[in-house]
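Please read this briefing beside the sequence and the model.

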Amino acid sequence: MRPEIAEAVALLKGGELVAFPTETVYGLGADAANPAAVAKIFAAKGRPADHPLIVHLASATHMAHMTHWAREIPAEAEKLAAAFWPGPLTLILKRQAYVPDAVTGGQDTVGLRVPNHPLALELLAAFAGANGSGVAAPSANRFGRISPTTAAHVREELGERVPLILDGGACPVGIESTILDLSRGRPVLLRPGAIGAADIARVIGQVPEMAALRGEGGETPRGDEKETPRGEGETPRVSGSLEAHYAPRTPLQLVSSDGLLFALRDALVAGERVAVLAPTAQAISHDLVSWRQVPADPAGCAHDLYAGLRALDALGCVRILVQKPPAGEAWLAVNDRLQRAAAGSGEDDET
Ligand code: TXA
Ligand code: MG
């Protein structure tokens, strides 16, 4: 076993935290069977303790481990796991009674996924080899901030709070996994991601309901967080559906391509420094304008999105102007993150 992986497994087994890359974003991992270790995740992130975590499983053992963590597993779960694991899909299932409340936020369900990243899979396989049953890991950012997609981002966010950060380079997907709830007797999409509703429907022959899009499934608001409207009778579930998530510190404004030029003109007239994230090449060359071009396709844009927002956020501009991507299924996950980033940063201009 490579020394770095052996060190990571020893830390996890010793109840410590290890940050590791996945194909989506970096995770902040702890032994999911050890409540004291899981508590350290919440302390490091500054995250309220009743927010549930995803348990990450090793690829080769995921079928056996699914039954270790979950009960009453529907046939859809097995089909989806076979089709998409390892990959960016989290399944919410009814939990086994002994799953620590620290992992589930006290709910009767547990989130499971097998990440598709060589370093994550190496770590999870080695952890399983050391009798570990799963690694609980949220995104490795401070609560409410932009998820990290490089090891350097994790260091910026958590620094000394995490004893080891495994560096696997930039995350290929770049936004968090799709979350599908299979615990309610019908499939419900709680968070859109790289695996879309149509991909899921192809495997299970049923289009999932879109809880996330109706604003359902948000969490209990705390402190200065904003509440996402919830459907009647829905329990709080996904912190990813809290509006103020994925937020840069700089106010972020979503604008159309025409709106972008107007907003830029206004900023320059006012002598304000502005940052721009757009799929087009820099339209205006000016000292006050910092321009970052993102790919014009959904996967490319998702890949660069958080790194781009993070870099622009660090410039200390008055605002970040983001050119709104097209509407439609292919852009659902990116638009979801951008809308939350705009809401969390306090501004959302519909120009
Ligand atoms: O791509 C990802 O999913 C990344 C990587 C590290 O795997 N993880 C991630 O974790 O995004 P986190 O904690 O930042 O977001 C996971 C979301 C949370 O919003 C949490 O509320 C939700 O999953 N979740 C976890 N367990 C759940 C459960 N039992 N029921 C409903 N939602 C759950
Ligand atoms: Mg997160």
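N131 counts as exposed because its relative accessibility is 70%, where exposed means over 50% relative accessible area, buried under 20% and partly exposed in between, with a 1.4 Å probe and protein chains only. The model is a predicted one, in which local features need pLDDT of at least 70, side-chain atom pairs count only at pLDDT 80 or more, and totals for chains, interfaces and linings use all residues. Residues are numbered from 1 along each chain as its sequence is written, chains are lettered from A and ligands numbered from 1 in the order in which they are written, and side-chain values use heavy atoms, with hydrogens and water left out.

**Backbone features in loops**

- N131 is found in the loop between α6 (118-129) and β6, where helices (H or I, at least four residues) and strands (E, at least two) are DSSP runs numbered from the N terminus.
- The phi of N131 is near 65 degrees, which is a positive value in a residue other than glycine.
- E72, in the loop between α3 and α4, also is not a glycine and has a positive phi, of about 50 degrees.
- With a relative accessibility of 55%, E72 counts as exposed.
- The peptide bond from W85 to P86 is cis, with omega near -5 degrees, and P86 lies in the loop between α4 and β4.

**Buried residues and their contacts**

- P138 has its place in the loop between β6 (135-136) and α7 (151-158), and this proline is buried, with a relative accessible area of 7%.
- Not counting residues up to four places away in sequence, P138 touches Y26, G27, L28, I41, K45, R47 and L53, where contact means heavy atoms within 4.5 Å.
- Although P138 and V25 are 113 residues apart in sequence, their C-alpha atoms are 9.4 Å apart in space.
- S290, which is found in strand β13 (residues 289-293), counts as buried at 18% relative accessibility.
- Leaving aside neighbours within four places in sequence, S290 is in contact with R273, V274, A275, V276, L312 and L315.

**Cysteines**

- A disulfide is a covalent bond between the sulfur atoms of two cysteines.
- A search of the whole structure finds 0 disulfides, a disulfide being a pair of cysteine sulfur atoms within 2.5 Å.
- C171 is buried, with a relative accessible area of 1%, and C301 is buried as well, with a value of 5%.

**Packing of α3 and α4**

- Helix α3 (residues 62-69) and helix α4 (residues 75-84) pack at an angle of about 140 degrees, with their axes 11 Å apart; axes are lines fitted to C-alpha atoms, for helices over the stretch in contact, and angles run from 0 to 180 degrees between N-to-C directions.
- H62, M63 and M66 of α3 make this contact with A77, E78, A81 and A82 of α4.
- By class, the contact of α3 with α4 has 5 nonpolar, 1 polar and 1 charged residues, with Ala, Val, Leu, Ile, Met, Phe, Trp, Tyr, Cys and Pro counted as nonpolar, Asp, Glu, Lys and Arg as charged, and the others, Gly among them, as polar.

**The sheet of 10 strands**

- An open sheet with mixed pairing is formed by 10 strands in the order β7-β1-β2-β6-β3-β5-β4-β8-β9-β10, where two strands pair if DSSP finds at least two bridges between them.
- β7 (164-165) and β10 (209-210) stand at the edges with a single partner strand each, so one side of each is left without a neighbour in the sheet.
- Strand β1 (residues 18-20) runs parallel to β7 and is joined to it by 2 bridges, and the bridge partner of A19 in β7 is I165.
- Helix α3 packs on this sheet, touching β3 (54-56), β4 (89-94) and β5 (109-113), and its direction makes about 165 degrees with that of β5.

**The sheet of 4 strands**

- A parallel open sheet is formed by 4 strands in the order β11-β14-β12-β13, and its edge strands, β11 (252-255) and β13, each pair on one side only.
- Neighbouring strands of this sheet are turned by 20 degrees against each other on average, direction ignored.
- Strand β12 (residues 274-278) and strand β14 (residues 319-323) run parallel and are joined by 4 bridges, with V274 standing opposite R319 in β14.
- Helix α11 (residues 332-345) packs on the sheet, touching β11 and β14, and its direction makes about 135 degrees with that of β11.
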